[in-house]
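Q: Could you walk me through this one? I have not looked at it before.

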Amino acid sequence: MKLHCGQFKLDLTRPHVMGILNVTPDSFSDGGHYSQVDAALQHALTLIDEGVDILDIGGESTRPNATPVTLAQELDRVIPVIEALVAHQINIPISIDTYKPAVMSAAIAAGASIVNDVRALQEDGAIAAVADTDVGVCLMHMQGTPQTMQDHPNYVDVVKEVCAFLSERVSVCQQAGIASNRLLIDPGFGFGKTRRHNITLIQQLDALTKLNLPILVGLSRKSVLGQVTGHDVDARLYASVAAAVISVMKGAHIVRVHDVKATVEALKVVVAAIAPI
Ligand code: PT1
């Protein structure tokens, strides 16, 4: 299985690690963007050193109850970081985590190779922003919006409904001329899902393989792991590594993680222990 994204063709017969790149919002008025862009660049170089395969950059948090940011703020946070990474000639794909078409277009123009959209290109203009490009696209399932999604998640059959939604979005993309080898699917752990829904999705993750597209999973440090272990967000490393391992063993091709070094090492053991697919 190969993913075409910009100048890259990722061979997804080996599990890939997508590293989450912090783009720190303005916490001090320290006179200018340099320190924040530089901090993001240093973080990116560390992740590359640790063996990351893809860098995922987001300027707006989509975790439960996160406050939305304006278009201008989001552009201001992510575009200079993408430009700095491109200037450094890093040789791995840059993914932009956004649902805003204007951010997608600006990020692609700056050199991003993947659009990672938690709204699966449902925003007006999102399909058009990627259709006539060659970037990869991650289509994620979410019930509701980040502001309200954890209020009362509700499904008759969470696995069926997630598969049906993703299948529908895949069809819409294909009809818009986006080739299948540019598409990724993601069940959207923690996005309008209770602990039970998340656990059911992990248990039956292999059900997503029937869509015949690469699967991306983001479980790193999420609350479901806190519910299982009783640990706070800063003590979920072991749980996150376990989640990455089990996801890959159940068919995930890409895992989106904070802890790249630990995850890369754990997945080397998975690769060594499992016959290549
Ligand atoms: C994800 C993902 C993402 N997650 C993709 N992009 C986040 N493709 C951002 C919690 O329950 O899984 N896939 N971009 C982060 N979102 C969350 C959601 C963070 C829930 C935390 C939780 O703690």
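Q: Which kind of β-α-β unit do β6, helix α4 and β7 make?
A: Strand β6, helix α4 (residues 126-131) and β7 make a right-handed β-α-β unit, where right-handed means that, with the strands pointing away from the viewer, the path from the first strand over the helix to the second runs clockwise. Helices (H or I, at least four residues) and strands (E, at least two) are DSSP runs, numbered from the N terminus. This is a predicted model, in which local features need pLDDT of at least 70 and side-chain atom pairs count only at pLDDT 80 or more, while totals for chains, interfaces and linings use all residues. Residues are numbered from 1 along each chain as its sequence is written, and side-chain values use heavy atoms, with hydrogens and water left out.

Q: And in what sense do β6 and β7 pair?
A: Strand β6 (residues 114-117) pairs with β7 in the parallel sense over four bridges, pairing being called when DSSP finds at least two bridges between two strands. Within this pair, Asp-117 stands opposite Leu-139 of β7.

Q: Is β7 mostly covered or open?
A: Strand β7 (residues 136-140) is mostly covered, with five of its five residues buried; buried means under 20% relative accessible area, exposed over 50% and partly exposed in between, using a 1.4 Å probe and protein chains only. Gly-136, Cys-138 and Met-140 point one way from the strand, whereas Val-137 and Leu-139 point the other way.

Q: Where is Met-142, then?
A: Met-142 is placed in the loop between β7 and α5, and it counts as buried because its relative accessibility is 11%. Leaving aside residues up to four places away in sequence, Met-142 touches Val-118, Arg-119, Met-149, Phe-191 and Lys-193, contact meaning heavy atoms within 4.5 Å.

Q: Switching to the ligand, which residues come nearest?
A: Of the 16 residues around the ligand, Asp-97, Asn-116, Asp-186, Lys-222 and Ser-223 come nearest, a residue being near if one of its heavy atoms lies within 4 Å.

Q: What lies 2.4 Å from an oxygen atom of the ligand?
A: That is a polar side-chain atom of Ser-223, and a polar side-chain atom of Asn-116 lies 2.7 Å from a nitrogen atom of the ligand.

Terms used: A polar contact is a pair of N or O atoms within 3.5 Å; within protein, one must be able to donate a hydrogen and the other to accept it, and residues adjacent in sequence count only if both atoms are side-chain atoms.
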